[in-house]
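I opened this entry to keep a record of what I looked up, element by element.

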Amino acid sequence: MFMKLQEKDMLPIYEKMLLIRKSELCMLETYQKGEIVGHMIPAIGQEAPPATLTTMLEEGDYLLTGHRGGGYYIAHGCDFNAMWCELYGRSNGALKGRGGQLHLMDISKNAITGNAIVGQQWGMACGFGFAAKYYGKKGIVEGGEASTNRGTFHEGLNMAAVFKLPMLFVVEFNGKMMWNTQDEFLSCKRIASRAHGYDIPGKTVDGNDPFAIYEAASEMFAHIEAGNGPCLLECITSKWRDTVGNLRDTPENIEKIKAPENDPICRFEVKLRKLGVLNDALEAEIKVRVEAKLAAAVEFAKNSPKPDKFDGINEIYSQYV
Ligand SMILES: Cc1ncc(C[n+]2csc(CCOP(=O)(O)OP(=O)(O)O)c2C)c(N)n1
Ligand SMILES: [Mg+2]
């Protein structure tokens with residue numbers, strides 16, 4: 001049984017999408033100004049899956065992503081100030097300033113939302129899945145479509161199916177693996193078809209539409225929570241930026257991706273207005289709140305202490321020999 005997206009969840013999802021978009025754009029600008037360094041993989045253009053799916057998680061549930069996980073970190077309510085401190089390499093960052101954007105995590109929320117090794121998360125999902133099953137919780141594991149070519153994806157999905165682990169496998173299909181296009185690296189058209197090999201439910205949805213994502217995920221979570229094991233949800237979306245650099249694509253394609261009829265935030269806005277859930281006053285109020293949260297986090301990070309030069313060794317080797 002699927003559930004429709006409830007009105008109470010609509011504006012929170014919209015606000016999460018805006019916060020991801022604004023924060024990740026700000027991250028790129030800050031990088032371009034030379035204020036922060038490191039490797040960053042923004043979720044700009046892919047805001048709908050993290051904003052929608054994290055809304056479906058409850059306290060104690062598990063969250064694991066691949067390299068494009070910043071949107072999940074933000075949407076899941078992980079420590080936002082700690083993320084910005086991490087970007088600035090400050091000692092009170094999510095990883096004490098040592099990991100950067102690609103390694104974000106908030107263990108207090110059972111969330112590991114970064115991984116430099118493409119596809120590593122699919123195997124780790126079984127560990128999360130065993131914990132989730134033990135504690136009566138559920139979890140989400142996310143990755144890009146190219147990462148599903150890795151053995152870890154197939155081993156992970158097989159083991160999760162055999163042990164009926166309560167995990168939703170989410171693939172964000174953006175049609176690209178760095179500069180390669182789908183026809184150059186993928187043997188199948190749809191990733192959801194890979195579910196058949198493991199006898200689990202698989203479905204493809206419009207990953208730029210929170211309504212579609214929510215309906216499919218609610219059906220899958222019902223299956224998972226009834227103890228039937230994992231499901232595979234493929235969300236078709238589009239990335240606007242690859243890493244800190246520009247997307248390697250033609251200007252026409254990039255323009256098309258960003259057009260209001262494809263932009264997930266514009267599309268959601270239009271739908272919410274039609275439903276009477278969003279109006280000018282509410283939109284302005286939400287945007288002010290998002291801007292204020294971002295400005296406060298950036299300010300907090302800039303004023304946070306830099307790590308001491310001797311800190312690097314702490315917590316890497318045992319201090320108790
Ligand atoms: C094991 C491994 N192989 C290759 C890379 C280099 N790499 C980084 S991102 C990426 C593309 C991944 O594409 P996809 O899974 O579709 O995710 P997207 O970046 O499109 O979100 C690759 C090959 C890596 N980091 N790790
Ligand atoms: Mg991809």
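This is a predicted model: local features need pLDDT of at least 70, side-chain atom pairs count only at pLDDT 80 or more; totals for chains, interfaces and linings use all residues.

**Entry 1, helix 4.** I looked up the burial of helix 4 and found that 6 of its 8 residues are buried, so the helix is largely enclosed by the rest of the structure. The buried residues are Ala82, Met83, Trp84, Cys85, Glu86 and Leu87. By the contact criterion, these buried residues pack against helix 1, helix 3 (70-75) and helix 11. I noted as well that Gly89 follows helix 4 and has a positive phi, near 65°.

How do the axes of helix 4 and helix 11 cross? They come within 8 Å of each other and cross at roughly 50°, which makes helix 4 oblique to helix 11. The crossing in which helix 4 passes helix 11 is right-handed. On the side of helix 4 the contact is made by Phe80, Asn81, Trp84, Cys85 and Leu87, and on the side of helix 11 by Lys293, Ala297, Val298, Phe300 and Ala301. Sorted by class, this contact of helix 4 with helix 11 has 8 nonpolar residues, 1 polar and 1 charged.

I then turned to helix 1 and helix 10, whose axes come within 11 Å and cross at roughly 155°. Because the angle is over 145 degrees, helix 1 is roughly antiparallel to helix 10. The crossing of these two helices is left-handed. Helix 1 contributes Met10, Tyr14, Met17, Leu18 and Arg21 to the contact, while helix 10 contributes Pro264, Ile265, Phe268 and Leu272. I sorted the residues of the contact of helix 1 with helix 10 by class and found 8 nonpolar, no polar and 1 charged.

The next pair was helix 5 (residues 120-135) and helix 6 (residues 151-162), which pack at an angle of about 20° with their axes 6 Å apart. The two helices are therefore roughly parallel to each other. Helix 5 passes helix 6 in a left-handed crossing. The contact is made by Gln120, Trp122, Gly123, Ala125, Cys126 and Gly129 of helix 5, together with Thr152, Phe153, Glu155, Gly156, Met159 and Ala160 of helix 6. The residues of the contact of helix 5 with helix 6 divide into 6 nonpolar, 5 polar and 1 charged.

Which residues of helix 8 (residues 210-228) are buried? I listed Pro210, Ile213, Tyr214, Ala216, Ala217, Met220, Phe221 and Ile224. The buried residues of helix 8 pack against helix 1 (7-32), helix 2 (48-54) and helix 10 (264-274), and also against strand 5 (167-173), strand 8 (202-206) and strand 9 (231-236). Helix 8 is followed by Gly229, whose phi is positive, near 95°.

Lys96 has a phi near 60°, a positive value, and lies in the loop between helix 4 (80-87) and strand 2 (105-106). Lys96 counts as partly exposed, with 18 C-beta neighbours inside 10 Å. Asn110 also has a positive phi, near 50°, and its place is in the loop between strand 2 and strand 3 (111-112). Is Asn110 buried or exposed? With 21 other C-beta atoms within 10 Å, Asn110 is buried.

Last, I looked at Asn303, which lies in the segment after helix 11 (280-302). Asn303 counts as exposed, with 10 C-beta neighbours inside 10 Å. The C-alpha atoms of Asn303 and Arg90 are separated by 9.1 Å, although the two residues are 213 residues apart along the chain.

Note on methods: Residues are numbered from 1 along each chain as its sequence is written. Chains are lettered from A and ligands numbered from 1 in the order in which they are written. A residue is buried if 20 or more other C-beta atoms lie within 10 Å of its own, exposed if 12 or fewer, and partly exposed in between; C-beta atoms are placed from the backbone. Helices (H or I, at least four residues) and strands (E, at least two) are DSSP runs, numbered from the N terminus. Two residues are in contact if their C-beta atoms, placed from the backbone, lie within 7 Å. Axes are lines fitted to C-alpha atoms, for helices over the stretch in contact, and angles run from 0 to 180 degrees between N-to-C directions. Angles under 35 degrees count as roughly parallel, over 145 as roughly antiparallel, 65 to 115 as roughly perpendicular and the rest as oblique. A crossing is left-handed if the near helix is turned anticlockwise from the far one by less than a right angle, and right-handed if clockwise. Ala, Val, Leu, Ile, Met, Phe, Trp, Tyr, Cys and Pro count as nonpolar, Asp, Glu, Lys and Arg as charged, and the others, Gly among them, as polar.
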